[in-house]
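Open the model in your viewer and keep the selection panel at hand. Each stop below says what to select and what is there.

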Amino acid sequence: MLDSVYLHTRLRDHLPDQAWAAVAPQVEAALAHWREPDHGIWEVRGKPQHFTSSKVMCWVAADRGARLAALRADRERAGRWSAAAEEIHADVCKRGVDERGVFTQHYDSDALDASVLLLPLVGFLPPEDERIRCTVLTIADELTDGGLVLRYRAEETDDGMRGAEGAFTICTFWLISALVEIGEFQRARDLCEQTLSAASPLLLFAEEIEQGSRRHLGNFPQAFTHLALIHAVTGVIRAEPSRHAIGLRPAG
């Protein structure tokens, strides 16, 4: 939410007092709780952990909050929130990376999690950073089934659920966007075309896609999936301006 407010404010060069009154407490709340374990973006039913993506989102709150404060000439908050963002950033880089240089699901695990694909998308580190590149490529190689991205490996995650699940569509679009960021344009384009070909006859996407049958599972249509779709396709098109735009084709 704070990232969206920042992007809107930067474009308009104005943040109304009423909006600022709502935004500032959100930054303070993130900073008050960022050191606590939680259940992560996927709301797993196991015990709370220090999920890497949760820490990064607290960094986003502090970083964007500091930028907004600077735009408003609020020096006290800008300085304090910027310092907090630096502290969170250092903590994630120290505790959220395994021996391979890959960002992990949480601080006490070497398991992969698709949520860390958000790191290059929110600007946590530059795309040329070797840890970002290694993370994106490792997820592309090791956290996919039939080319589509899983949230995580169920056998490595205490999520309180039984059995297998489909690939999470939003995660595949995150991977496409992340591949564009690190310069893997052809791989991003190929995956984008493959994923778009799995669209339903209505040219919409569900929350999950069953890897073998390409059946759509879960919530349908899923709004977040389509936001990630737009971002991914736009990124691929911008990366290859001289080539034809990707067409959305129905399954079958």
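This is a predicted model: local features need pLDDT of at least 70, side-chain atom pairs count only at pLDDT 80 or more; totals for chains, interfaces and linings use all residues.

**Stop 1: salt bridges**

Asp-141 has a relative accessibility of 52% and so counts as exposed, since the exposed class starts over 50%.

Now select Arg-100 and Glu-142. These two also form a salt bridge, and their closest N and O atoms are 3.1 Å apart. Here too distant parts of the chain are linked: Arg-100 sits in the loop between α4 (75–95) and α5 (118–121), while Glu-142 is in helix α6 (residues 130–142), 42 residues away. Arg-100 is partly exposed at a relative accessible area of 43%, and Glu-142 is partly exposed at 38%.

Go next to Asp-74 and Arg-77. The closest N and O atoms of this salt bridge are 3.3 Å apart. Which class does Asp-74 fall into, buried or exposed? Asp-74 is buried, because its relative accessible area is 19% and buried means under 20%.

How many salt bridges does a search of the whole structure find? The search finds 15.

**Stop 2: a side chain in a loop**

Select Ser-109, which lies in the loop between α4 and α5. With a relative accessible area of 16%, Ser-109 is buried. The side chain of Ser-109 reaches the backbone nitrogen of Ala-111 at 2.8 Å.

**Stop 3: aromatic pairs**

Show the rings of the aromatic residues. The count of aromatic pairs comes to 6. One of them is Trp-20 with Trp-81, a tilted pair with 5.9 Å from centre to centre and 55 degrees between the planes. Trp-20 is in helix α2 (residues 17–33) and Trp-81 is in helix α4, so this pair ties together parts that lie 61 residues apart in sequence. Both Trp-20 and Trp-81 are buried.

Then select Phe-173 and Phe-205. This aromatic pair is edge-to-face, with 90 degrees between the planes and 5.5 Å between the centres. Phe-173 belongs to helix α7 (residues 169–181) and Phe-205 to the loop between α8 and β4 (208–209), so parts 32 residues apart in sequence are tied together. Phe-173 is buried, as is Phe-205.

Which residues form a cluster with Trp-42? Select Phe-168 and Trp-174: together with Trp-42 they form one aromatic cluster.

**Stop 4: a histidine beside Phe-205**

His-226 is found in helix α9. The side chain of His-226 reaches the backbone nitrogen of Phe-205 at 3.0 Å. His-226 counts as buried, because its relative accessibility is 17%.

**Stop 5: helix packing**

Switch to a cartoon view and select α8 and helix α9 (residues 223–239). Their axes are 10 Å apart and the helices pack at an angle of about 135 degrees. At that angle α8 is oblique to α9, because only angles over 145 degrees count as roughly antiparallel. The crossing of α8 past α9 is left-handed.

Notes
Residues are numbered from 1 along each chain as its sequence is written. Side-chain values use heavy atoms; hydrogens and water are left out. A salt bridge is a side-chain nitrogen of Lys or Arg within 4 Å of a carboxyl oxygen of Asp or Glu. Buried means under 20% relative accessible area, exposed over 50%, partly exposed in between (1.4 Å probe, protein chains only). Helices (H or I, at least four residues) and strands (E, at least two) are DSSP runs, numbered from the N terminus. A polar contact is a pair of N or O atoms within 3.5 Å; within protein, one must be able to donate a hydrogen and the other to accept it, and residues adjacent in sequence count only if both atoms are side-chain atoms. Rings of Phe, Tyr and Trp (its six-membered ring) pair if their centres lie within 6.5 Å; planes under 30 degrees apart count as stacked, over 60 as edge-to-face and the rest as tilted. Axes are lines fitted to C-alpha atoms, for helices over the stretch in contact, and angles run from 0 to 180 degrees between N-to-C directions. Angles under 35 degrees count as roughly parallel, over 145 as roughly antiparallel, 65 to 115 as roughly perpendicular and the rest as oblique. A crossing is left-handed if the near helix is turned anticlockwise from the far one by less than a right angle, and right-handed if clockwise.
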